[in-house]
Amino acid sequence: MHRSTHDDLVILGGTFDPIHYGHLRAVEEVRQALGVTQVMLIPAGHPPHRQSPWADARHRLAMTRIAVAHHPQFTVSSWEVKREGPSYSVDTLTALRQQRPDAVLAMVIGMDAFLRFDTWHRWQHILDLTHLIVTGRPGWPAAELPEALRQALYQRRCEDVSTLRQTPAGRILFHTVTALEISATSIRSLLASHHSPRFLLPDEVLDYIDAEGLYHSP
Ligand code: ATP
C-alpha cells in the first residue's frame, strides 16, 4: 500500500516555560532516528498536571516560535494555548489525527513524564492516536512502573524504528537521547537570582526573556 510520508510528524508538548536545548535536542534526535521530516511543538495552555506556569501562555508561545524560527522543519501549534479550559493531549491528538488520518504520529515524552502517563486523561486512547517515544537513558527500571503502564508496555512495546514506521500509532518505543540535564525550573531559578542561563537555551529566547522581564524576581 502506498502511503505519503510527508504528513508524518514528531510531536512534543510541554509548558516550555521557557523552552530550552533539552527539549530541542531530544526532539531533533528522535526526528532523525525516525526519519521523519516534520516536528510540531505544542505549548500547553492550562496544563492539567502542574501548577500554573510562570509565564503567560502568549509568552511561552512566542518563545517557542522564536526558538525554531530558523528551522523550517519545525512548526509551533497555538492550538492548546488558544483553547479555553484545560489542555488535554487526547483532544489535541484527536484533532491532529483528523487532519492526518494515515500519518505516522510520534509523540515524544521524557521518562519523568512517562512514569505518570497513566494519570493522563484517557491515556489508553492517546496510544490509539499516536506512538509514544519515551526518551531517557538505557537501563531504566521497568519494575517501578505502575501495573497498568506495565501491561500497556507488554502489549505495545516496539524495539526498532522500522516497525514503528509501518503503522500510524499504537507503539511505545524507548529511545536514548543525549542526556542534557537542563530544566526550565533551573533556568527560572538562575534568572530569579540574577544569574545568566545563557548557553542552556537559544540566545534569541533569552533576549525575549530579558526584553519582557520574565522570571525576574521583583
Ligand atoms: P519544568 O522544569 O518547569 O518542569 P521542563 O524543563 O521539564 O520544565 P516541560 O515543558 O515540562 O519542561 O517538558 C516538556 C517535555 O520535555 C516533557 O516530556 C519532558 O520530559 C521533556 N524534557 C524536559 N527537559 C528535558 C531534557 N533536558 N531532555 C529531554 N527531555 C526533556
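This is a predicted model: local features need pLDDT of at least 70, side-chain atom pairs count only at pLDDT 80 or more; totals for chains, interfaces and linings use all residues.

User: Which helix gives the largest share of the shell around the ligand?

Analyst: Helices (H or I, at least four residues) and strands (E, at least two) are DSSP runs, numbered from the N terminus. Helix 1 (21–34), strand 4 (105–110), helix 5 (111–114) and helix 9 (184–192) each supply at least two residues of the shell. The largest share, three residues, belongs to helix 1.

User: Which residues come nearest to the ligand, and how many of the shell residues are charged?

Analyst: There are 17 residues around the ligand, and those that come nearest are G14, G22, G110, A184 and T185. For the classes, Ala, Val, Leu, Ile, Met, Phe, Trp, Tyr, Cys and Pro count as nonpolar, Asp, Glu, Lys and Arg as charged, and the others, Gly among them, as polar. The shell has seven nonpolar and eight polar residues, and the number of charged ones is two.

User: Which residues touch the most other members of the largest nonpolar core?

Analyst: A nonpolar core is a set of buried Ala, Val, Leu, Ile, Met, Phe, Trp, Tyr and Cys residues joined through C-beta atoms within 7 Å. Buried means that 20 or more other C-beta atoms lie within 10 Å of a residue's own, exposed means 12 or fewer, and partly exposed is in between, with C-beta atoms placed from the backbone. In soluble globular proteins, nonpolar side chains tend to be buried together. Here the largest core has 52 residues, and those touching the most other members are V10, I11, L105, A106 and V108.

User: What arc do the buried residues of helix 4 cover around the axis?

Analyst: The buried residues of helix 4 are S89, T92, L93 and L96. They lie on the same side of helix 4, because the arc they cover around its axis is only 95°. That arc is taken from the directions from the helix axis to the C-beta atoms. Among the elements covering these residues are strand 1 (9–14), strand 2 (38–43), helix 3 (79–82), strand 4 and helix 6 (123–129).

User: How far apart are the end C-alpha atoms of helix 1?

Analyst: The expected span of a helix is 1.5 Å times one less than its number of residues. Helix 1 has 14 residues and should span 20 Å, which agrees with its end C-alpha atoms being apart by 20 Å.

User: What is the omega of the cis peptide bond between D17 and P18?

Analyst: Most residues other than glycine have a negative phi, and most peptide bonds are trans. P18 lies in the loop between strand 1 and helix 1. The bond joining D17 and P18 is cis, with an omega of about 5°.

User: Is F16 buried or exposed?

Analyst: F16 is found in the loop between strand 1 and helix 1. F16 is not a glycine, yet has a positive phi of about 50°. Because 25 other C-beta atoms lie within 10 Å, F16 is buried.

User: Where is R122, and what is its phi?

Analyst: R122 sits in the loop between helix 5 and helix 6. With 15 C-beta neighbours inside 10 Å, R122 counts as partly exposed. Although R122 is not a glycine, its phi is positive, at about 50°.

Terms used: Residues are numbered from 1 along each chain as its sequence is written. A residue is near a molecule or strand if its C-beta atom, placed from the backbone, lies within 6 Å of it. Two residues are in contact if their C-beta atoms, placed from the backbone, lie within 7 Å.
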